[in-house]
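Q: Could you walk me through how to read a fold like this one, feature by feature?
A: Gladly; let us look at the model together and start from the overall architecture.

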Amino acid sequence: MKQYLDALDFILKNGDIRDDRTGTGTIGVFGIQQRYDLRLGFPAMTTKKLAWKSVLSELIWFIEGSGDERRLCEILHGTRDPDKKTIWTANAEANYWKPKAKYTGDLGRVYGVQWRGWKTRRKQWLSSNESVDVVVDQLQELINGIKKDPFGRRHILTAWNPGELSDMALPPCHIMAQFYVNSKYELSCQMYQRSNDMFLGCPFNIASYALLTHMIAQVCDLDVGEFIHTTGDAHIYLNHIDQVQEQLSRNPLPLPTLKMNKSKFDIDSFTMEDFELVDYQSHATIKAEMAV
């Protein structure tokens, strides 16, 4: 994970200090890229402990197309108990969002909803006087497209829907992913992230999209290639600088490998029990407060 540590170091040395939406303040740069070769191991953070189950449960939740934070709780903890928290709990309970929420845990039309149920202006007429709105299952269309035309240049998944940003508890940070199949039939993914909390969020995003690449590759009967992470506003919150410096003082450990249930070829069939990080080693957790 040297690429990630180099990015942190670059931001500290070259970043611009600015105010931000949360009032915390950041040091950041505009435009940064990291490349991870998935053939060499799974890019799980080793200089601090990765919350693997949180990564896995959130991605399964996205794939379900859910915008219900309590459903995420159910996937992660096996219960909807309000005392159990997820990484989305603070957003679901934020004062700016709660008046818009339709039920407890409602996050609106966030990532997974856009992936599996993008609304269009078209209508499907059921009869001469009855119609329903058409929705696009982007994820399934992406998979179908990769299978049908692996070398195509339109294998894109997007969560940035300008017409529905006000209907989301949090506008998407990772807004678009493009998938690419090389001549060896290896699947790579490049994800563009408009805004990236480099200490808390970035390790999570790397693991999540690396995992998604593995899942789609298996479903499409492909091998994996690279995950390329491109960020616009790459920032470190000012109250995370001590934690970042502690992480930079640690030496990376060998990468783990990802073990998946090889019998699964339907993207909707994966469960928490289908994945394991083998030989994962890490330094201790470094705690920091999330800015909301």
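Q: How many helices and strands does the secondary structure of the protein come to?
A: In this predicted model, the protein has eight helices and ten strands. The radius of gyration is 19 Å, close to the 19 Å that the globule rule gives for 292 residues, so the protein is as compact as a globular protein of that length.

Q: What box do the C-alpha atoms fill?
A: Along the principal axes, the C-alpha atoms fill a box of roughly 70 × 50 × 35 Å.

Q: What share of the residues is buried, and what does the surface come to?
A: Buried residues account for 52% of the 292 residues. The accessible surface comes to about 14,500 Å², and 49% of that surface belongs to carbon and sulfur atoms.

Q: How should I read contacts in terms of sequence separation? What percentage join residues at least 24 apart?
A: Take the contacts between residues at least 6 apart in sequence: 67% of them join residues at least 24 apart.

Q: Now charges, please. How many positive and negative side chains are there?
A: There are 34 positive and 37 negative side chains in the protein, and the centres of the two sets lie 2 Å apart.

Q: What is the general idea behind a salt bridge, and how many does the count come to here?
A: Side chains of opposite charge can pair when their charged atoms come close. A salt bridge is counted when a side-chain nitrogen of Lys or Arg is within 4 Å of a carboxyl oxygen of Asp or Glu. By this rule, the protein has 17 salt bridges.

Q: Which residue forms a salt bridge with R70, and are the two buried or exposed?
A: The partner of R70 is E69, with 2.8 Å between the closest N and O atoms. Both R70 and E69 are buried.

Q: Which side chain does D268 meet in a salt bridge, and where do the two residues lie?
A: D268 meets R116, at 2.8 Å from N to O. The pair links distant parts of the chain, 152 residues apart: D268 is in the loop between strand 9 (257–260) and strand 10 (275–278), while R116 belongs to helix 5 (residues 111–117). D268 is partly exposed, with a relative accessible area of 44%, whereas R116 is buried at 15%.

Q: Which residues are linked in a network of salt bridges?
A: The network links E64, D68, R71, E74 and R80.

Q: Let us turn to R39. Where is R39 found, and with what does R39 form a salt bridge?
A: R39 is found in the loop between strand 2 (26–37) and helix 2 (52–64). R39 forms a salt bridge with D37, the closest N and O atoms being 2.8 Å apart. Relative accessible area is 42% for R39, which counts as partly exposed; D37 is also partly exposed, at 27%.

Q: Which residues does R39 touch, not counting residues up to four places away in sequence?
A: R39 touches N182, E186, V224, G225 and E226. For a distance across the model, the C-alpha atoms of R39 and N161 are separated by 33 Å, and the two residues are 122 apart along the chain.

Q: Where does R109 lie, and is R109 buried or exposed?
A: R109 lies in the loop between helix 4 (89–92) and helix 5. R109 has a relative accessible area of 16%, under the 20% cut-off, so R109 counts as buried. Leaving aside neighbours within four places in sequence, its contacts are Q114, G117, W118, K119, E164, D167 and M168.

Q: What does D266 show about sequence separation and distance?
A: D266 and Q140 are 126 residues apart along the chain, and their C-alpha atoms are separated by 9.7 Å. D266 lies in the loop between strand 9 and strand 10 and is partly exposed, at 40%.

Notes: Residues numbered from 1 in each chain as written. Predicted model: local features only at pLDDT ≥ 70, side-chain atom pairs only at ≥ 80, totals over all residues. Heavy atoms only, no water. Helix = DSSP H or I, 4+ residues; strand = E, 2+ residues; numbered from the N terminus. Rg over C-alpha atoms; globule rule 2.2 N^0.38 Å. Buried < 20%, exposed > 50% of the residue type's maximum accessible area, 1.4 Å probe, protein only. Contact = heavy atoms within 4.5 Å. Areas by Shrake-Rupley, 256 points an atom, 1.4 Å probe, with all protein chains shown as cover. Lys, Arg positive; Asp, Glu negative; His and termini not counted. Charge placed at Lys NZ, Arg CZ, Asp CG, Glu CD.
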